[in-house]
Amino acid sequence: MRYTRAMRRTSPLRLVTTAAALVCMAGLAAAPAKEASMPTSDIPSATIAERGRAIVEHLAGTIGPRSLSQPASLEQAALYIEERFAELGYTVERQPYKVPPVERPVRNLIVEKTGRDKPKEIILFGAHYDTVPTTPGADDNASGVAGLLELARLLKPYANRRTIRLVAFTCEEPPYFKSRWMGSRVYAREARRRGDDIIAMVSLEMIGFFDESIAQGFPLPLMRYFYPNTADFVGVVGNISSRRLVTKIRNAMRQGGDIGVESIATVKFLPGLDWSDHGSFWRVGYEAVMITDTAFYRSRHYHSYSDTPETLNYEAFAEVVKGLYQAVVELDGGK
């Protein structure tokens with residue numbers, strides 16, 4: 001099916017706080033997006049969908065499960081991502097480190113476009129490329145990696161004012177999740193130590209599963225009164241400190257892609273709120289958000305053998321990527 005804005009609710013969410021949940025919906029008035037070097041209306045969705053499918057099929061199909069339980073597969077995934085970045089004309093920087101107990105070498109992968117006007121101000125997009133040991137990880141998180149690579153392609157000719165940095169993280173999944181060896185924690189600690197001025201971090205975490213025939217689940221029953229009940233939208237998720245960033249990205253994505261975009265900025269106790277790489281940046285004081293199809297609140301394939309490439313909706317994925325491109329333009333053009 002084709003996802004269009006006409007299918008979605010058009011009224012913006014308002015800031016809502018409930019005594020039971022303390023849930024705050026990011027809902028400031030939409031601001032007009034800055035003009036991009038390539039309007040999203042000129043970006044062919046079919047090309048993004050086709051390329052995204054190919055990336056997901058290679059990672060989740062050809063390679064399969066990608067973790068330190070399968071070190072050869074994790075290495076194949078890293079090399080594949082490096083090759084795709086290099087084909088686009090980027091120079092890949094490796095951030096190597098070792099993970100106990102056997103001190104196995106792993107690495108984050110980094111590319112960037114230096115800003116022409118404000119090079120010290122950094123907009124960072126990231127996605128993890130590992131999986132839990134038993135799943136091919138099409139949605140979690142080959143879809144996020146595909147989004148990162150397609151964003152890299154679309155941004156290559158873009159004349160950015162601020163520095164744009166794209167990072168593929170390793171070791172996001174258990175047993176390293178929320179440990180000091182999680183790839184994004186290693187990266188965020190080092191970025192803070194260097195004094196990097198990261199003005200926005202965006203984590204791409206499962207952006208490929210959309211099905212309007214499925215009922216959307218929520219962490220709290222109250223939330224069904226504020227969000228769509230069908231599983232055909234993408235979410236922008238943040239904490240209270242990142243609420244302005246949440247709203248800015250949500251508004252830009254609504255302008256850029258023909259898919260529903262909802263948002264939430266709330267306290268950290270909400271289950272799942274910090275369950276990805278953005279949480280690593282919150283820990284060291286950066287503003288960060290997660291872009292997600294809501295993972296286990298929607299997909300029965302989460303962390304399962306059935307998380308395979310054919311379960312994803314690549315047309316909807318393409319609209320998410322176009323929305324992300326517009327978000328970069330908005331973040332790059334703001335004050």
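A residue counts as buried under 20% relative accessible area, as exposed over 50%, and as partly exposed in between. The model described here is predicted.

**Salt bridges**

The count of salt bridges comes to 16.

| Pair | Distance (N to O) |
|---|---|
| Arg 107 and Glu 75 | 2.8 Å |
| Arg 165 and Glu 112 | 2.8 Å |
| Asp 117 and Arg 161 | 3.5 Å, closest atoms |

Arg 107 and Glu 75 form a salt bridge. Because Arg 107 belongs to strand E2 (residues 104-113) and Glu 75 to helix H2 (residues 71-87), this pair ties together parts 32 residues apart in sequence. Arg 107 is buried, at 10% relative accessibility, while Glu 75 is partly exposed at 33%. Both residues also take part in a network of salt bridges that links Glu 75, Glu 82, Arg 94 and Arg 107.

A salt bridge likewise joins Arg 165 and Glu 112. Arg 165 lies in strand E4 and Glu 112 in strand E2, so the parts tied together are 53 residues apart in sequence. Arg 165 is buried, with a relative accessible area of 10%; Glu 112 is partly exposed, at 37%.

Asp 117 pairs with Arg 161. Asp 117 is in the loop between E2 and strand E3 (118-128) and Arg 161 in the loop between helix H3 (138-155) and E4, so the pair connects parts 44 residues apart in sequence. Asp 117 has a relative accessible area of 44% and is therefore partly exposed. Arg 161, at 22%, is also partly exposed.

**Surface charge**

Arg 180, Arg 189, Lys 268 and Arg 283 form a surface patch of positive charge. Of this group, Arg 180 sits in the loop between strand E4 (162-169) and helix H4 (183-194).

Terms used:
Residues are numbered from 1 along each chain as its sequence is written. This is a predicted model: local features need pLDDT of at least 70, side-chain atom pairs count only at pLDDT 80 or more; totals for chains, interfaces and linings use all residues. Side-chain values use heavy atoms; hydrogens and water are left out. Patches are made of residues with over 30% relative accessible area and no salt bridge: like charges are joined within 9 Å, nonpolar side chains (Val, Leu, Ile, Met, Phe, Trp, Tyr) within 5 Å. Accessible areas come from the Shrake-Rupley method with a 1.4 Å probe; for residues, only the protein chains shown count as cover. A salt bridge is a side-chain nitrogen of Lys or Arg within 4 Å of a carboxyl oxygen of Asp or Glu. Lys and Arg count as positive and Asp and Glu as negative; His and the chain ends are not counted. The place of a charge is taken as NZ of Lys, CZ of Arg, CG of Asp or CD of Glu. Helices (H or I, at least four residues) and strands (E, at least two) are DSSP runs, numbered from the N terminus. Buried means under 20% relative accessible area, exposed over 50%, partly exposed in between (1.4 Å probe, protein chains only).
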